[in-house]
Amino acid sequence: MYVVCKDHVELAIDMFVDEFEEAPDVVDLEHTKFIDWEPPVKCQECDREARFLVV
């Protein structure tokens, strides 16, 4: 699972495919809310706002 900004979404997809050898689902955190989980505020790769969840 990767939580990243718009600039790092392609990198996260590549890392997911390398690790799991299948295509991930990409969730836009701006339009999705979770009941039991609050996503990180910042991108895993930089200090920008996290926008996508790659799972």
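How many residues does helix α1 have, and how far does helix α1 reach from its first C-alpha to its last? This is a predicted model, where local features need pLDDT of at least 70, side-chain atom pairs count only at pLDDT 80 or more, and totals for chains, interfaces and linings use all residues. Residues are numbered from 1 along each chain as its sequence is written, and side-chain values use heavy atoms, without hydrogens and water.

**View 1. Helix α1, residues 9-20.** Helix α1 has twelve residues and reaches 16 Å. That is close to the 16 Å expected at 1.5 Å a residue, taken as 1.5 Å times one less than the number of residues. Helices here are DSSP runs (H or I, at least four residues), and strands are runs of E, at least two. E21 follows α1 and has a positive phi, near 55°.

View 2. V9, A12 and F16 are buried (under 20% relative accessible area, 1.4 Å probe, protein chains only; exposed is over 50%, partly exposed in between). They cover an arc of only 60° around the axis, which puts them on the same side of α1; the arc is that of the directions from the helix axis to the C-beta atoms. E10 and D18 are exposed, on the face turned away from the buried side. The buried residues pack against β1 (2-4), β2 (26-28) and β3 (52-54), with contact meaning heavy atoms within 4.5 Å.

**View 3. R51 in the loop between β2 and β3.** R51 counts as partly exposed because its relative accessibility is 24%. Beyond residues up to four places away in sequence, R51 touches V4, C5, K6, V27, D28, L29, E30 and H31. The C-alpha atoms of R51 and K33 are separated by 12 Å. Along the chain, R51 and K33 are 18 residues apart.
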